[in-house]
Amino acid sequence: MPCDVETLRQAPLFGLLDDDELAVLAAEVELVEFAPRQRIYRIGDTGERAYILISGAVDVMTIDDDNQDVVVDQPGRGDFFGLASMLDQTPHQTTAIAAQSTTCLLVDR
């Protein structure tokens, strides 16, 4: 769904942008919602997108030597996740799952 300027203001990363800059950015990003336990991306998926947490909770996990899921990050409101893979244009090295109803900004490469 489209994003609005007020939603972008919730992300500290964009705190220094003025209204015109926020409007341009809002046209380039998308607001996405995830249900509890819904996978956002998994290990090996192409890293074409990054996410900014607006509300809810996300567990970013990897698999250890015993083949167990290990949470390596729990981004806070306004934090990016999946960014390194997007910038490097490499597959994700982690899996991200919504821990509860979650809203994110989707930043496409």
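Biologist: Which residues have the most contacts inside the largest nonpolar core?

Modeller: This is a predicted model, in which local features need pLDDT of at least 70, side-chain atom pairs count only at pLDDT 80 or more, and totals for chains, interfaces and linings use all residues. Residues are numbered from 1 along each chain as its sequence is written, and side-chain values use heavy atoms, with hydrogens and water left out. A nonpolar core is a set of buried Ala, Val, Leu, Ile, Met, Phe, Trp, Tyr and Cys residues joined through side-chain atoms within 4.5 Å, where buried means under 20% relative accessible area (1.4 Å probe, protein chains only). The largest such core has 13 residues, and those with the most contacts inside it are Ile40, Tyr51 and Phe81.

Biologist: Is Phe81 buried or exposed?

Modeller: The relative accessibility of Phe81 is 3%. Phe81 therefore counts as buried.

Biologist: How are the rings of Tyr51 and Phe81 arranged as a pair?

Modeller: Rings of Phe, Tyr and Trp (its six-membered ring) pair if their centres lie within 6.5 Å, and planes under 30 degrees apart count as stacked, over 60 as edge-to-face and the rest as tilted. The centres of Tyr51 and Phe81 are 5.4 Å apart with the planes at 20°, so the pair is stacked.

Biologist: Which residues do ring pairs link into a cluster?

Modeller: The structure holds four aromatic pairs, one of them formed by Tyr41 and Tyr51, which is stacked at 6.1 Å centre to centre with 20° between the planes. Ring pairs link into a cluster the residues Phe34, Tyr41, Tyr51 and Phe81.

Methods. Buried < 20%, exposed > 50% of the residue type's maximum accessible area, 1.4 Å probe, protein only.
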